[in-house]
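Hi,

Here is the structure I promised to pass on. Have it open while you read, and my notes follow below.

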Amino acid sequence: MYEKVATDMGFVDREQEVLKFWQENRIFHKSIERRSSCPEFTFYDGPPTANGKPHIGHILTRVIKDIIPRYQTMKGKHVLRKAGWDTHGLPVELEVEKMLGIDGKPQIEAYGVEPFIKKCRESVWKYKGEWEQMSDRVGFWADMENPYVTYENDYIESEWWALRTIWDKGLLYKGHKIVPYCPRCGTSLSSHEVAQGYQDVHETSIYVRFRVVGEPDAYLAAWTTTPWTLPSNVAVCVNPHEEYVLAEFDKDLDGTEKKVRYYIAGVLVPQIFDAPYRIIRRMPGSELVGLSYEPLFPYAQKRIAASGKKAFYVTADEYVTLTDGTGIVHIAPAFGEDDARVGQKNDLPFVQLVR
């Protein structure tokens, strides 16, 4: 029969007793020493930055990360659990900028790069004690006494060694990756850094029509939230599994009496157009793939021709949704992760017109 756990067991005190026993008897170190001749198991743990306070998210990840080396040790592996500190990166610089009351690269240079670096090296250890206390308190086993530090030369040289080894194996290549860029900081940003200052903003989106080649007065009705990327357009994209229609109107957008037809997602026609229309035909998005259209702008024509790659046609990908817009999105592989992915999948030209 289940016996209810007493509420007076003093869980906190019991945990403190266990921690004290581990420390006094060097249990963690003994667990590694006893496995010194056993097969190696390597666990790479991304190190924290100690110029920010640990929070509940860090506790969760430390607990989860502790499970794997502990389990592998119990399975008879030798697991070198070396702690580390991340002492590089934009968060460190921003913290020091706030502390010094300066803003941006020009003011950093005016203050002095070397003095600024010195302040950064001091800042990264601001909450080291809190991190060590938190790690110890949740039972996170790692060698905190001999950590690796990313600004120390031995670590930097190991990075250069790894890079040279990758190069020697022919695994380095030159390519493009779409990343957020901060004009204030003058650097690219990681998704984690962007998330630190995330906010919802209102942006202008526009509808664009691309004239279909070989079909008089027929257009692909596209939608984009980044109209400034349209000069770099090389394709449009539909969802291959959704239904699209060719809708015919008796008037053009300027009121001219003429028949005009638009390829567009069927369910979105009544949401976008007020004028009466007729459905000429229906088709899945996959049937539109390969349909060619005339480019909007002439700026990149020579560059695209020189690349030898096909451009200005319909592609398909499941990331296209029908919640907004027309069900057809414009593709500029130099801007946006999905655009880049679709561009690589279809071997589209890469047009970057921003200097």
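Before anything else, a cut-off to keep in mind: a residue is called exposed when its relative accessible area is over 50%, buried when that is under 20%, and partly exposed in between. One caution as well: this is a predicted model.

With that cut-off, Tyr 299 is exposed, because its relative accessibility is 58%. Its ring pairs with that of Phe 297: the centres are 5.5 Å apart and the planes are at 15°, so this pair is stacked. Phe 297 itself is partly exposed, at 32% relative accessibility.

**More on the aromatics**

The model has 14 aromatic pairs in total. One that I'd look at is Phe 249 with Phe 273, where the ring centres are 4.5 Å apart and the planes meet at 45°, so the pair is tilted. How do they sit relative to the surface, buried or exposed? Phe 249 is buried, at a relative accessible area of 3%, and Phe 273 counts as buried too, at 16%. Both belong to one aromatic cluster, together with Tyr 219, Tyr 262 and Tyr 277.

For Arg 70 the ring is that of Trp 141, with the charged end 4.1 Å from the ring centre. For Arg 121 it is the ring of Tyr 151, at 3.9 Å from the centre.

**The cores**

In soluble globular proteins, nonpolar side chains tend to be buried together. Here the largest nonpolar core holds 35 residues. Which of them touch the most other members? Those are Phe 210, Leu 220, Tyr 244, Tyr 263, Leu 288 and Ile 328. The elements that give two or more residues to this core are β5 (206–211), β6 (218–224), β7 (235–238), β8 (243–251), β9 (257–265), β11 (314–316) and β12 (328–331). The largest share comes from β7, with four residues. Apart from this core lies another one, of 18 residues, including Ala 50, Ala 83, Phe 116 and Phe 140.

**Cysteines**

If you were wondering about disulfides, the count is zero. Cys 120 is in none, and the nearest cysteine sulfur, in Cys 185, is 12 Å away from it. Cys 120 counts as buried, with a relative accessibility of 11%.

**Pocket and cavity**

Rolling a probe the size of a water molecule over the atoms shows where empty space is left. The largest pocket has a volume of about 750 Å³. It is lined by 24 residues, and the ones nearest its centre are Thr 225, Thr 226, Phe 335, Gly 336 and Asp 339. Elements giving two or more residues to that lining are β6, β12 and α12 (337–345). Of these, α12 gives the most, with three residues.

There is also one cavity of 30 Å³ or more, and the largest cavity has a volume of about 60 Å³. Its lining includes Leu 230, Pro 231, Pro 295, Leu 296, Ile 304 and Phe 312. Phe 297, from the stacked pair above, is one of the lining residues too.

Most residues other than glycine have a negative phi. Arg 26 is not a glycine, but has a positive phi of about 50°. You'll find Arg 26 in the loop between α1 (11–24) and α2 (27–33), and it is partly exposed, with a relative accessible area of 40%. Asp 217 also has a positive phi, near 60°. Asp 217 is in the loop between β5 and β6, where it is partly exposed at 24%.

Cheers

Technical notes:
Residues are numbered from 1 along each chain as its sequence is written. This is a predicted model: local features need pLDDT of at least 70, side-chain atom pairs count only at pLDDT 80 or more; totals for chains, interfaces and linings use all residues. Side-chain values use heavy atoms; hydrogens and water are left out. A nonpolar core is a set of buried Ala, Val, Leu, Ile, Met, Phe, Trp, Tyr and Cys residues joined through side-chain atoms within 4.5 Å. Buried means under 20% relative accessible area, exposed over 50%, partly exposed in between (1.4 Å probe, protein chains only). Rings of Phe, Tyr and Trp (its six-membered ring) pair if their centres lie within 6.5 Å; planes under 30 degrees apart count as stacked, over 60 as edge-to-face and the rest as tilted. A charge sits over a ring if NZ of Lys or CZ of Arg is within 6 Å of the ring centre and within 35 degrees of the ring normal. A disulfide is a pair of cysteine sulfur atoms within 2.5 Å. On a 1 Å grid over the protein atoms alone, a cavity is a set of points where a 1.4 Å probe fits but cannot get out, and a pocket is an open set with protein on both sides within 12 Å along at least five of seven lines; lining residues have an atom within 4 Å of a point. Grid points are joined across faces, edges and corners, and a volume is the space filled by probe spheres set on the points.
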